[in-house]
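Here's a walk through a predicted model, going from its salt bridges to the helices and then the surface. Have the viewer open and click along as you read.

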Amino acid sequence: MTSPPPGVHPTAPLTAPDGTTVDVDVELVPLVRAVWAAGWATAGSCQDLGDAADALRALGDRAPGHATEAFAAFYRGYAWLKMPRPDALAFLDALADTAFRDRVTTRWGPDGWRVDVAVRHDGHRGFALAPTAHLHFPRVQVPELTGAVTALRRSGRGGRRG
């Protein structure tokens, strides 16, 4: 699981389902635990991607290309989960039976999510979808989303490993 550079947000170490230890932003610890307990995998997270981009911009020349002022403004107030594409789709399908369905499909509303899958060129065969999806959602929704994921797990509608 990847995350912004150390010091951007306070983190807590968690043991991932694969046994590795990862640092997760403290505001996302309950959500990430619930996602894992429900059977879905994550590959990265951040409690506020706009804040992280601002911190990266402060690095100057060492900042990655996406750490622009426009990127920071666009994602300020948005939490981020990076998930393997199959897990992200299963996760979103499970959320379709909750109050989050309209939030995921209403991209530009105040409660709306931004879900992206990059397109990459491999240099030989051509373009293909990236193996991961990026789920951006208002940071204020984290507690409610954690509750929804926990309820999905308890009802048996969580993800699957394999």
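Glu144 sits at 38% relative accessibility, so it counts as partly exposed; the scheme here is buried under 20% relative accessible area, exposed over 50%, and partly exposed in between, using a 1.4 Å probe and protein chains only. Its side chain meets that of Arg103 in a salt bridge, 2.9 Å from N to O. That pair ties together distant parts of the chain, with Glu144 in helix 6 and Arg103 in helix 5, 41 residues apart. Arg103, at 17%, counts as buried. For a salt bridge, a side-chain nitrogen of Lys or Arg has to lie within 4 Å of a carboxyl oxygen of Asp or Glu, and by this rule there are 6.

Another one joins Arg76 and Asp54, whose closest N and O atoms are 2.7 Å apart. Here the loop between helix 3 and strand 4 provides Arg76, while helix 2 provides Asp54, 22 residues away. Both ends are partly exposed: Arg76 has a relative accessible area of 39%, and Asp54 comes in at 25%. There's also a network of salt bridges linking Glu27, Asp48, Asp51 and Arg139.

Now look at helix 2 (residues 49–57), where Leu49, Gly50, Ala52, Ala53 and Leu56 are buried. They lie on the same side of the helix because they cover an arc of only 160° around the axis, taken from the directions from the helix axis to the C-beta atoms. Their cover includes strand 3 (44–46), helix 3 (69–75), strand 4 (78–84) and strand 8 (132–138). At the start of helix 2, a side-chain oxygen of Asp48 comes within 3.1 Å of the backbone nitrogen of Gly50.

Zooming out, the protein has 6 helices and 8 strands; these are DSSP runs numbered from the N terminus, with helices (H or I) of at least four residues and strands (E) of at least two. Of its 162 residues, 43% are buried.

On the outside, Val117, Val119, Phe127 and Leu129 make a nonpolar surface patch with about 400 Å² of accessible area together. Patch members have over 30% relative accessible area and no salt bridge, with like charges joined within 9 Å and nonpolar side chains (Val, Leu, Ile, Met, Phe, Trp, Tyr) within 5 Å. Areas come from the Shrake-Rupley method with a 1.4 Å probe, and for residues only the protein chains shown count as cover.

Some housekeeping: residues are numbered from 1 along each chain as its sequence is written, and side-chain values use heavy atoms, leaving out hydrogens and water. Since this is a predicted model, local features need pLDDT of at least 70 and side-chain atom pairs count only at pLDDT 80 or more, while totals for chains, interfaces and linings use all residues.

How values were computed: Contact means heavy atoms within 4.5 Å. A polar contact is a pair of N or O atoms within 3.5 Å; within protein, one must be able to donate a hydrogen and the other to accept it, and residues adjacent in sequence count only if both atoms are side-chain atoms.
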